[in-house]
Amino acid sequence: MRYLLVGLGNIGVKRRALLGERCVGTVDPFNPSADFRDIRDCAPDRYDAAILAVPNQVKLELLRRLLTLRKHVLVEKPLLFPDRETAQDLNRLAHQHHAVWYTSYNHRFEPLIELLKQELDKGTVGRIYHGRFYYGNGTVGNILGSWREEGQGVLEDLGSHLLDLVGCLFNCVGTDVATWSLERHEAKTIDHAILATADRRVVIEMSFLSWKNRFEIDLYGEHGSLHLRGLCKWGPSELLVHQRVLPSGVPREHRESRTGQDVTWQRDLEYFEHMTTMGETSMENDWWISSVIQHAAVST
């Protein structure tokens with residue numbers, strides 16, 4: 001598959017390196033090293049699919065144009081819709097032109113997150129009583145004055161990843177999510193937030209004010225618990241499986257760790273290419289994440 005890469009910032013450069021010779025052109029109106037300034041400058045017959053690594057504000061217009069050209073599109077997260085009608089209209093357009101879009105959430109392809117999903121599906125810890133997802137970094141200073149300060153901040157950036165994982169791990173895309181806390185400590189946008197599923201069983205916390213990068217999942221169930229720490233892009237990651245001892249006592253522990261190259265981007269690309277053969281878009285997941293973020297924004 002031949003790709004047109006739209007957006008040559010940090011993520012775009014990463015994507016270009018991964019694609020190698022399959023990247024037949026790059027588009028960026030601000031980066032002078034790009035091949036083109038506008039996607040209209042590249043002949044459609046030169047590429048089969050496009051990757052949108054662009055600011056959120058221009059994604060919908062570009063997606064519509066590419067789908068009309070019958071091009072498959074991988075969209076860097078998040079893809080935010082103003083309403084469900086817009087999402088459905090784009091979905092109809094995709095089917096009409098036999099094209100697919102997929103919004104990339106590469107963390108679901110972390111080796112230990114995939115293993116955690118397997119443990120959940122096997123029922124290793126039984127019925128889940130409660131859980132917590134946390135994603136934090138210290139990048140608040142980097143977003144000040146940039147386009148990323150114009151939207152919903154950490155909700156869009158880190159929160160969309162966490163929502164995707166909750167939906168994926170628990171097969172609960174579409175579930176109601178409540179807003180517990182939204183803070184603007186150093187940015188004019190949201191730089192720290194806490195959400196929770198409506199039944200209060202899963203708490204979702206995200207922050208641009210965590211000066212040491214942290215990614216944590218803790219899930220407690222009737223037969224034990226699951227604890228994940230870290231992401232491949234930061235170095236070693238670890239998954240602990242605790243088997244409950246009755247009536248009480250120190251649980252039996254199984255520990256898995258992973259280190260080395262971050263494979264999530266390659267697996268994510270492979271998944272996108274598989275989706276192009278299935279003919280389905282990621283609309284439902286995108287709309288659910290959009291609606292949760294919209295609801296949270298109204299809460300401010």
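**Figure 1. The largest nonpolar core of the predicted model comprises 45 residues.** A nonpolar core is a set of buried Ala, Val, Leu, Ile, Met, Phe, Trp, Tyr and Cys residues joined through side-chain atoms within 4.5 Å; buried denotes under 20% relative accessible area, exposed over 50% and partly exposed in between (1.4 Å probe, protein chains only). The members that touch the most others are Leu116, Phe133, Leu155, Leu163, Leu195, Met206 and Phe215. Helix H6, spanning residues 154-170, contributes the most to this core, with eight residues. Helices (H or I, at least four residues) are DSSP runs, numbered from the N terminus. A second, separate core of 26 residues includes Tyr47, Val75, Ala87 and Leu93. This is a predicted model, in which local features need pLDDT of at least 70 and side-chain atom pairs count only at pLDDT 80 or more, while totals for chains, interfaces and linings use all residues. Residues are numbered from 1 along each chain as its sequence is written, and side-chain values use heavy atoms, with hydrogens and water left out.

**Figure 2. Surroundings of Leu163 and of Ser160 in helix H6.** Contact means heavy atoms within 4.5 Å. Not counting residues up to four places away in sequence, Leu163 touches Val177, Leu195, Ile204, Trp288, Ile289, Val292 and Ile293. Ser160 has 0% relative accessibility and therefore counts as buried. With neighbours within four places in sequence left aside, Ser160 is in contact with Lys77, Pro78, Tyr105, Leu155 and Ile289.

**Figure 3. Packing of helix H1 (residues 10-19) and helix H7 (residues 264-278).** The axes of H1 and H7 lie 11 Å apart, at an angle of about 75°. Axes are lines fitted to C-alpha atoms, for helices over the stretch in contact, and angles run from 0 to 180 degrees between N-to-C directions. H1 and H7 are therefore roughly perpendicular to each other, a class that covers 65 to 115 degrees (under 35 roughly parallel, over 145 roughly antiparallel, the rest oblique). From H1, Ile11, Lys14, Arg15, Leu18 and Leu19 meet Trp265, Gln266, Asp268 and Leu269 of H7. The residues of this contact divide into five nonpolar, one polar and three charged; Ala, Val, Leu, Ile, Met, Phe, Trp, Tyr, Cys and Pro count as nonpolar, Asp, Glu, Lys and Arg as charged, and the others, Gly among them, as polar.

**Figure 4. Cys23 and the sulfur of Cys42, 9.6 Å away.** With a disulfide defined as a pair of cysteine sulfur atoms within 2.5 Å, the count comes to zero disulfides. Cys23 is in no disulfide, the nearest cysteine sulfur being that of Cys42. For Cys42, the closest cysteine sulfur, in Cys23, is too far for a bond. Cys23 counts as buried at 15% relative accessibility, and Cys42 counts as buried at 2%.

Terms used:
Helices (H or I, at least four residues) and strands (E, at least two) are DSSP runs, numbered from the N terminus.
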